[in-house]
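Here's a quick briefing to read alongside the structure. Take a look at it first, then follow the notes below.

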Amino acid sequence: MRSYQRWAACAAVVGLGIILTTGRADDDDKKIRDKVEELAGVAAKKPDDLQKKAEAWVKEAKPDLEDVMGLLKKRMKDGSGGFGIGKTATGKLDDGIEARIEKLAKAGPSDGDLMNKADLIQALNRTRAIAAIAKASGTNKAGAAAKWQDFVKRMAEGSDDLSKAIESGKAKEIKKAANNLHSSCVDCHAEFR
Ligand code: HEC
């Protein structure tokens, strides 16, 4: 082979490798997203089945917790990134579950939040599903299993409580429940992330 042919063949192999690897990563991301969405549906309709279903999936698929938690990040204007809140990607800072929980905790609900309860409740069902996955995943940090489960419990109960507060529409309760949920994220991250 002439050197330019060799170079071209090499470049083609590397290029194909990149396409295959990123293709696989996108595939994995989609699988994780679809599964969390499915489990969020279970959280909404058959909450008693949620933990069992999360355990089965974690055992089979061994998802990376970082990818699962990543769904709580902000959604980008083009729809990539985390779940966001509601159907439409706004590109705004609070179009992400983590950011919205934090905003509710610090400033309480806006009129828009109270008019779109269903979107927030859906976001919290997703959060609840992620808590179930975190419970099933556990931690490999030595001697820290009980602590992990404690944080997970706060995240799960915090999601349910905030959901109920949103349903009630009472701003003060929403702020308080959001504060509890948000502190479960912050406290676990301080210890484990
Ligand atoms: C039981 C512990 C625990 C709780 C509770 C928890 N997290 Fe996490 N979170 C983690 C760990 C551990 C990581 C890092 C995972 C890794 O990098 O492997 C993480 C990572 C993240 C990330 C970064 C993902 C990325 O792509 O880098 C986000 C965002 C996040 N968590 C959001 C939240 C939010 C929001 C809450 C609360 C509603 C929450 N987490 C509650 C343990 C927890």
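Let's start where α2 and α6 pack, with their axes 8 Å apart and an angle of about 55° between them. (Axes are lines fitted to C-alpha atoms, for helices over the stretch in contact, and angles run from 0 to 180 degrees between N-to-C directions.) That makes α2 oblique to α6; angles under 35 degrees count as roughly parallel, over 145 as roughly antiparallel, 65 to 115 as roughly perpendicular and the rest as oblique. Keep in mind that this is a predicted model: local features need pLDDT of at least 70, side-chain atom pairs count only at pLDDT 80 or more, and totals for chains, interfaces and linings use all residues. Residue numbers start from 1 along each chain, as its sequence is written.

**More on α2 and α6**
- The crossing of these two, α2 and α6, is right-handed. (A crossing is left-handed if the near helix is turned anticlockwise from the far one by less than a right angle, and right-handed if clockwise.)
- On the α2 side, Leu50, Gln51, Ala54, Glu55 and Val58 meet Ala129, Ala132, Ile133, Lys135, Ala136 and Ser137 of α6. (Two residues are in contact if their C-beta atoms, placed from the backbone, lie within 7 Å.)
- Sorted by class, the contact of α2 with α6 has seven nonpolar, two polar and two charged residues. (Ala, Val, Leu, Ile, Met, Phe, Trp, Tyr, Cys and Pro count as nonpolar, Asp, Glu, Lys and Arg as charged, and the others, Gly among them, as polar.)

**The α6 and α7 pair**
- The axes of α6 and α7 come within 9 Å and cross at roughly 165°, so α6 and α7 are roughly antiparallel to each other.
- α6 passes α7 in a left-handed crossing.
- Residues of α6 in this contact include Leu120, Leu124 and Ala131, while those of α7 include Val152, Met155 and Ile166.
- The contact of α6 with α7 divides into 11 nonpolar, four polar and five charged residues.

**The α7 and α8 pair**
- α7 and α8 pack with their axes 8 Å apart, at an angle of about 160°, and that makes α7 roughly antiparallel to α8.
- The crossing of α7 and α8 is left-handed.
- Among the residues making the contact are Trp148, Phe151 and Leu162 of α7, along with Ile174, Leu181 and Phe192 of α8.
- By class, the contact of α7 with α8 counts 13 nonpolar, five polar and six charged residues.

**Around the ligand**
- The ligand is surrounded by 21 residues, and the closest are Glu66, Met69, Gly70, Cys185 and Cys188. (A residue is near a molecule or strand if its C-beta atom, placed from the backbone, lies within 6 Å of it.)
- Two or more residues of this shell come from each of α3 (65–69), α4 (97–107), α6 (117–137), α7 (145–168) and α8 (171–192).
- Which element gives the largest share of the shell around the ligand? That's α8, with six residues.
- The shell around the ligand has 13 nonpolar, four polar and four charged residues.

**The chain as a whole**
- The protein chain has eight helices and zero strands. (Helices, H or I with at least four residues, and strands, E with at least two, are DSSP runs numbered from the N terminus.)
- The C-alpha atoms of the protein chain fill a box of roughly 75 × 40 × 30 Å, taken along the principal axes.
- Of the 193 residues in the protein chain, 29% count as buried. (A residue is buried if 20 or more other C-beta atoms lie within 10 Å of its own, exposed if 12 or fewer, and partly exposed in between; C-beta atoms are placed from the backbone.)
- Among contacts in the protein chain with a separation of 6 or more, 60% join residues 24 or more positions apart.

**Lysines to look up**
- Most residues other than glycine have a negative phi.
- Lysine 62 has a positive phi of about 40° although it is not a glycine.
- Where is lysine 62? Lysine 62 lies in the loop between α2 (47–61) and α3, and lysine 62 is exposed, with 8 other C-beta atoms within 10 Å.
- Lysine 62 and lysine 74 are 12 residues apart in sequence and 24 Å apart in space, C-alpha to C-alpha.
- Lysine 176 is found in helix α8 and counts as partly exposed, with 17 C-beta neighbours inside 10 Å.
- Lysine 176 and lysine 106 are 70 residues apart along the chain, and their C-alpha atoms are separated by 9.3 Å.
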